[in-house]
Amino acid sequence: MAQLDKKIAIVGGTGKEGKGLAYRWAKAGLPVIIGSRSEEKAVQAAAEVNNRLAVHLVSGMQNHEAVSQADLIVLTIPFAFHREILLELKNVLQGKILVDVTVPLVPPKITRVQMPPEGSAAQQAQAILGEDVMVVAAFQNISYEHLMDDDEIQCDVIVCGGNKEARQQVLSLVSLAGMIGWDGGVIENSVVVEGLTSILIGLNKQYGVQSAGIKIVGIPRTNSQ
């Protein structure tokens, strides 16, 4: 089993993806802080996860406090609020690892890949936060339906950005959430991972499903993190 000695906070953890990741990590025995602009909503979301698992590993706080108390921050917010939230939290994110789950979806044409001028949401985050924050892109292609389901997750996670050590820490998070992760290399490669989400949404619509994903083949699974 992968190990992780970092405190985790999920900014935007009151949404479906955030609660799904909190559920998976709490199920693995990790303490998690759910962050929100509204402390009340954060506490309520934490209670939902705790009640489902009959544990008390998840707490809820206002975003600034959640980030201050954690070492590794997971960002699960709509792209429309991406820049705004990062600017709000820039000072308290310094020196930490930021796992950016954001996908640059621009309604109404969310099945069309639409990248920001920086190249990807992760690259936008890196540009805003500066070099003292390790930005790593991950979990974009995992549907929250998988996260909230207790069945084995068949989809893989590609991790891009930061440095090798930062990616290894995020790959440990992937493993602890019950998934197979792969090192996708430098942050510039996040454009491919983020862009796949629009394609997967299109496939969901075309085939009437909700949880299309990706899986790496041709490499023995024992070689993954």
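# Notebook: cavity, pocket, backbone, salt bridges

I began with the largest cavity, and its volume is about 40 Å³. The model is predicted: I took local features only at pLDDT of at least 70 and side-chain atom pairs only at pLDDT 80 or more, while totals for chains, interfaces and linings use all residues. Residues are numbered from 1 along each chain as its sequence is written, and side-chain values use heavy atoms, with hydrogens and water left out.

**Cavity**

I worked on a 1 Å grid over the protein atoms alone; a cavity is a set of points where a 1.4 Å probe fits but cannot get out. Grid points are joined across faces, edges and corners, and a volume is the space filled by probe spheres set on the points. I counted 1 cavity of 30 Å³ or more.

Next I listed the lining, meaning residues with an atom within 4 Å of a point. The largest cavity is lined by F139, Q140, N141, D156, V157, I158, V193 and I214. I sorted these residues into 5 nonpolar, 2 polar and 1 charged. For that sort, Ala, Val, Leu, Ile, Met, Phe, Trp, Tyr, Cys and Pro are nonpolar, Asp, Glu, Lys and Arg are charged, and the others, Gly among them, are polar.

Which strand gives the most to this lining? Strand β7 (residues 156-161) does, with 3 residues. My helices (H or I, at least four residues) and strands (E, at least two) are DSSP runs, numbered from the N terminus.

**Backbone checks**

F139 came up again here. Its phi is near 70°, a positive value in a residue other than glycine. I placed F139 in the loop between β6 (134-137) and α6 (144-147). Is F139 buried or exposed? F139 counts as buried, at 1% relative accessibility. My cut-offs: buried is under 20% relative accessible area, exposed is over 50%, and partly exposed is in between (1.4 Å probe, protein chains only).

A54 also has a positive phi, near 55°, and is a residue other than glycine. I found A54 in the loop between α2 (39-53) and β3 (58-62). A54 counts as exposed, at 70% relative accessibility.

I then looked up a cis peptide bond. It joins P107 and P108, with omega about 5°. P108 sits in the loop between β5 (97-100) and α5 (121-129).

**Largest pocket**

A pocket is an open set of points with protein on both sides within 12 Å along at least five of seven lines. The largest pocket holds about 1,100 Å³ of space. Of its 39 lining residues, E17, I77, P78, V103 and L105 are the closest to its centre. Elements that give two or more residues to this lining are α1 (16-27), β2 (32-36), α6 and α8. The largest share, 5 residues, comes from α8. I sorted the pocket lining into 18 nonpolar, 16 polar and 5 charged residues.

**Surface patch**

Helix α8 (residues 190-207) also holds I199. I found I199 in a nonpolar surface patch of about 450 Å², together with V113, L203, Y207 and V209. I199 counts as partly exposed, at 46% relative accessibility. Patch residues have over 30% relative accessible area and no salt bridge; like charges are joined within 9 Å, and nonpolar side chains (Val, Leu, Ile, Met, Phe, Trp, Tyr) within 5 Å. Accessible areas come from the Shrake-Rupley method with a 1.4 Å probe; for residues, only the protein chains shown count as cover.

**Salt bridges**

Side chains of opposite charge can pair when their charged atoms come close. My criterion is a side-chain nitrogen of Lys or Arg within 4 Å of a carboxyl oxygen of Asp or Glu. I searched the whole structure and got 7 salt bridges.

E48 and K19 pair at 2.9 Å, N to O. E48 is in helix α2 and K19 in helix α1, so this pair ties together parts that are 29 residues apart in sequence. E48 is partly exposed, at 39% relative accessibility.

K27 pairs with D150, the closest N and O atoms being 3.1 Å apart. This pair links distant parts of the chain: K27 is in helix α1 and D150 in the loop between α6 and β7, 123 residues apart. K27 is partly exposed at 42%, and D150 is partly exposed at 45%.

R37 and E88 meet at 2.6 Å, N to O. R37 is in the loop between β2 and α2, E88 in helix α4 (residues 82-93), and they are 51 residues apart. Shared partners join R37, E84 and E88 into one network of salt bridges.
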